[in-house]
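The following questions and answers work through the model shown below.

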There are 2 protein chains.
Amino acid sequence: MWNSLVKHDSVDGVMRDKGLAKLGDSLVNLCYSLAKSLVLDSATGEKVRDRVLARAIRTTSVYQYIGHRTDAGVAGDAYEAIMAYLWLTGKATIEEMVTILRESLDIDTQTSRKAEVEVSSEAFHKLLEYYIDCLPEMNASRNKT
Amino acid sequence: MWNSLVKHDSVDGVMRDKGLAKLGDSLVNLCYSLAKSLVLDSATGEKVRDRVLARAIRTTSVYQYIGHRTDAGVAGDAYEAIMAYLWLTGKATIEEMVTILRESLDIDTQTSRKAEVEVSSEAFHKLLEYYIDCLPEMNASRNKT
């Protein structure tokens, strides 16, 4: 439905797309806010920090495409761009993403910020692993170099 | 599907719910980001300012329920809470909200920030008017006072 906004057909192109990262930022915040609300049974909102998403992506196979010395901002943007790609192309729905996040979000109203960072990083890691086979191939020309 | 997060059955209760406002914040940002992306044919992200939503709600019939002297923050929160209510109860979908916003979003890459505030306020006004009959009644006990 919104495929026209995806201008890349390679995973590395997607991960470096700043526009997709911006759109993915509000997508990731909404999915996490809803998952957390459902776990706590109380509506709330949350801005997911770059370092949470950076931790989530660093232990996946796609991390190699953005280089091993990137800062949390770049790694977080890459994560957000991937989620925007998956959603815009219909490979993921908000309902499904929220369900997956929720399953591993073992928190309650007493959970500290620090513990929530740990738990949410792991939840976002599982979310990305779930969809990793839905991502396009690496750019062939880059592959050759 | 997510009805359990709505703890109010009156429009004034919804509009004052801080949790719904937090969840609605990321919902409104995502819908606007996607609508703007589609209009510009380029993925982007945007945080919708309180004053945009405040302008959008001030000329609607529900504004009376939060008082006529509220600041932009309170009015914006009320707008966001309403959108969260509509979405959580299945009365509105993201696809539909984006379609409605997009129709009145007459902007391009040259549009100034100031002009975008005007245009987006009007788009959010139309969005709320579209759903206004889907909102619950005012709290009966308040009505009597």
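Q: In this predicted model, how are helix α3 (residues 50-58) of chain B and helix α4 (residues 72-88) of chain B oriented to one another where they pack?
A: Two packed helices are described by the angle between their axes and the distance between the axes. For α3(B) and α4(B), the axes lie 7 Å apart and the angle is about 75°. Angles of 65 to 115 degrees count as roughly perpendicular. Therefore α3(B) is roughly perpendicular to α4(B).

Q: How many of the residues in the contact of α3(B) with α4(B) are nonpolar?
A: From α3(B), the contact draws on Asp50(B), Arg51(B), Leu53(B), Ala54(B), Ala56(B), Ile57(B) and Arg58(B). From α4(B), Ala72(B), Gly73(B), Ala75(B), Gly76(B), Ala78(B), Tyr79(B) and Glu80(B) take part. Sorted by kind, these residues comprise four charged, two polar and eight nonpolar.

Q: Which helix gives the most to the side of chain B that touches chain A?
A: In chain B, 23 residues are in contact with 23 residues of chain A. The greatest contribution on the side of chain B, 13 residues, comes from helix α2 (residues 18-40) of chain B. That side divides into ten nonpolar, nine polar and four charged residues.

Q: What distance does helix α6 (residues 113-131) of chain B reach from its first C-alpha to its last?
A: Helix α6(B) has 19 residues, and at 1.5 Å a residue the expected reach is 27 Å. The reach in the model is close to that expectation, at 27 Å.

Q: What covers the buried residues of α6(B)?
A: The buried residues of α6(B) are Ser120(B), Ser121(B), Ala123(B), Phe124(B), His125(B), Leu127(B) and Leu128(B). Their cover includes the chain B helices α2, α3, α4 and α5 (94-103).

Q: What covers the buried residues of α3(A)?
A: In helix α3 (residues 50-58) of chain A, the buried residues include Val52(A), Leu53(A), Ala54(A), Arg55(A), Ala56(A) and Ile57(A). Among what covers them are, in chain A, α2 (18-40), α4 (72-88) and α6 (113-131).

Key
Residues are numbered from 1 along each chain as its sequence is written. Chains are lettered from A and ligands numbered from 1 in the order in which they are written. This is a predicted model: local features need pLDDT of at least 70, side-chain atom pairs count only at pLDDT 80 or more; totals for chains, interfaces and linings use all residues. Axes are lines fitted to C-alpha atoms, for helices over the stretch in contact, and angles run from 0 to 180 degrees between N-to-C directions. Helices (H or I, at least four residues) and strands (E, at least two) are DSSP runs, numbered from the N terminus. Angles under 35 degrees count as roughly parallel, over 145 as roughly antiparallel, 65 to 115 as roughly perpendicular and the rest as oblique. Two residues are in contact if their C-beta atoms, placed from the backbone, lie within 7 Å. Ala, Val, Leu, Ile, Met, Phe, Trp, Tyr, Cys and Pro count as nonpolar, Asp, Glu, Lys and Arg as charged, and the others, Gly among them, as polar. The expected span of a helix is 1.5 Å times one less than its number of residues. A residue is buried if 20 or more other C-beta atoms lie within 10 Å of its own, exposed if 12 or fewer, and partly exposed in between; C-beta atoms are placed from the backbone.
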